[in-house]
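Work through these exercises with the model open beside you. Try each task before you read its solution.

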Amino acid sequence: RSVYDGEEHGRFMEKLEARIRNHDREIEKMCNFHYQGFVDSITELLKVRGEAQKLKNQVTDTNRKLQNEGKELILAMEELRQCRLQQRNISATVDKLTLCLPVLEMYSKLREQMKSKRHYPALKTLEHLEHTFLPQVSHYRFCKVMVDNIPRLREEIKELSMSDLKDFLESIRKHSDKIGETAMKQAQQQRNLDNIVSQQPRISGGKKSKKEFSTSSELEVKNTSPMSEQDSGILDVEDEDEEEEVPGAQDLVDFSPVYRCLHIYSVLGARDTFESYYRKQRRKQARLVLQPPSNMHETLDGYRKYFNQIVGFFVVEDHILHTTQGLVNRAYIDELWEMALSKTIAALRTHSSYCSDPSLVLDLKNLIVLFADTLQGYGFPVNQLFDMLLEIQDQYSETLLKKWAGVFRNILDSDNYSPIPVSNEEVYKKVIGQFPFQDAELEKQPFPKKFPFSEFVPKVYGQIKEFIYACLKFSEDLHLSSTEVDDMIRKSTNLLLTRTLSNCLQNVIKRKNVGLTELVQIIINTTHLEKSCRFLEEFITNITNVLPETVHTTKLYGTTTFKDARHAAEEEIYTNLNQKIDQFLQLADYDWMAPEPGSRASDYLVDLIGFLRSTFAVFTHLPVSRAPLLPRGGKVAQTACMSACKHLSTSLLQLLLEAEVRQLSLGALHQFNLDVEECEQFARSGPVPGFQGDTLQLAFIDLRQV
């Protein structure tokens, strides 16, 4: 830096050149000193180069030979490398496929299960697939597709299982009729079995007592024998001797769809949704089942089908209750039953009111009892049904009364109102067997002989007993006490006597063409029927085993009925006689200005007196055995005779005192006097025995004085 900064640059260069020349001279000296060694070294190097060239040629030749020899090895090594690579890839692939194949197999299994509608196993497979297999291979695209499909598959399983449930609901709706019919057959078999068991201790007893024991024992067995099994809700009653085993609800309907659907929705966490849907649909079906057909009342089959559907519905619900955990509960079923009970009772009240055939009403009652017993066996309360049956009993009584009104009319219309003739002992015993009649004098008489009453007496008596039997039939299986049955029968029988039979008798008595002979026979007949009332009392007592001395026992009013009918017949006799007298008097044709009287009484009056004599002969010539049967000791004839005489006297007096008769001759008065004397002669002749002195003549005393 000092050289460049100073003025000595040239000098420095000179010094430097001088220095370089000095070093060159030293180098030259050094080279000259070592030159021979250098030459020797070059010579040796040249020799080495020749040898090196030879060595190079040898190495090249060796390398060429080595390369030629190693080509095959290189190819083999490349193949080995590729093979090793493929082997490693295959091993990795096998490992991955080992993880993927179970996933694919599970997915294939899932599809097969869904195709075969095994939805619950499909759901289980889906759960395993989602939580166990897919997480191990989740990085593959096909697994991502599967994962994306899982919610759709779940929804598809839900929809398919719900479709199966809908098919199940439709199936049980169609099969309710058959299920109910089956359950009611089982209940009927149970009742038949109970009847057989209850009747065995009384086989040696009488027919009537056996029947009564059967009824009471049946009720006892029925009340103490459970008729349902909680595990299935299906009756399995078998009567090997008479009945084949009746299949249960599970044999008629496959319940697996509802179980599968319940499990599926439970696994999917939607059990509440399923329960709500099931109950809602079953409520709708219940309303349809409880809607009776409009023509149900026309035949018993209409009622039977209606009951079968209701029973079938509740048998299914009971089965579901006992075979599922909480799908339906007792409160839900009780609610449905309350609705069903109210609608059923309302429908029965409406439709049974249309029934006019007592046989149909009785069959309906038996069907309702079987319906009630069947459902009672499944634990449903049926007291309201039995209460409703008591209402139907009143209607049954009314239909019986209408039917028996026709029966009585036919009997009374077809009767000849003549004493029953008997020609031999067999006929006599037959009549005695039909009607409780005892008369020592009649028994002593030789054949042929006559009963005092006509044929309608034993026929009416027999029909009253038939009516009582008909009433008793309705009371069977109603779980009523003997006192209640007795009271029901007596009340119905009283209605039959006081209303139906009384009206029929009154109609016969009031007929226009009824004759005095018929009226007299009606009086005799009603007298015998009145006396038979105590036998009817005994008859009812025998079949109900309730003594008449019991405080609450209703008495029969038959005595009053027959007394009223007899009084009506008596009044009709008096009225008919008076009407006949009036008809004869209409023929009277007096010439009040006649100059001379006739030689005898007027023709019309002679005919009238002749008619009265023949009429009262009907009373006086009755058989001796009949006399005690006339009310008030035969005073019917006396009263009729006195009434006729008084009416005749009054009518003749009115003829004499008519306002149109302004004057009369002595001859006319004498003719009228002859007619009055004819009447007095009739009174003195004693047309009816039993009058004291001239009592009968007093009827004409006023006329005589005028």
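**Exercise 1.** Compare the reach of helix 18 (residues 533-544) with its expected span.

*Solution.* Start with the count: helix 18 has twelve residues. Next comes the expected span, defined as 1.5 Å times one less than the number of residues. Helices here are DSSP runs of H or I with at least four residues, strands are runs of E with at least two, and both are numbered from the N terminus.

The model is predicted: local features need pLDDT of at least 70, side-chain atom pairs count only at pLDDT 80 or more, and totals for chains, interfaces and linings use all residues. Residues are numbered from 1 along each chain as its sequence is written, and side-chain values use heavy atoms, with hydrogens and water left out.

**Exercise 2.** Which residues of helix 18 are buried?

*Solution.* Apply the cut-offs: buried means under 20% relative accessible area, exposed over 50%, and partly exposed in between (1.4 Å probe, protein chains only). The buried residues are C533, L536, E537, F539, I540, T541, I543 and T544. Now step past the end: N545 follows helix 18 and has a positive phi, near 60 degrees.

**Exercise 3.** Find the backbone features at Y417 and P448.

*Solution.* Most residues other than glycine have a negative phi, and most peptide bonds are trans. Y417 is not glycine, yet its phi is positive, near 50 degrees. Y417 sits in the loop between helix 12 (383-414) and strand 1 (421-422). Y417 counts as buried because its relative accessibility is 3%. Move on to P448: a cis peptide bond joins F447 to P448, with omega about -5 degrees. P448 belongs to the loop between helix 14 (440-444) and strand 2 (449-450).

**Exercise 4.** Describe how helix 15 (residues 456-475) meets helix 17 (residues 516-531).

*Solution.* Take the geometry first. The two axes come within 10 Å and cross at roughly 35 degrees. Axes are lines fitted to C-alpha atoms, for helices over the stretch in contact; angles run from 0 to 180 degrees between N-to-C directions. Then list the contact residues (heavy atoms within 4.5 Å). Helix 15 gives F456, V457, V460 and Y461, while helix 17 gives N525, H528 and L529.

**Exercise 5.** How many helices and strands does the protein chain have?

*Solution.* The count is 23 helices and two strands. Of the 706 residues in the chain, 43% are buried.
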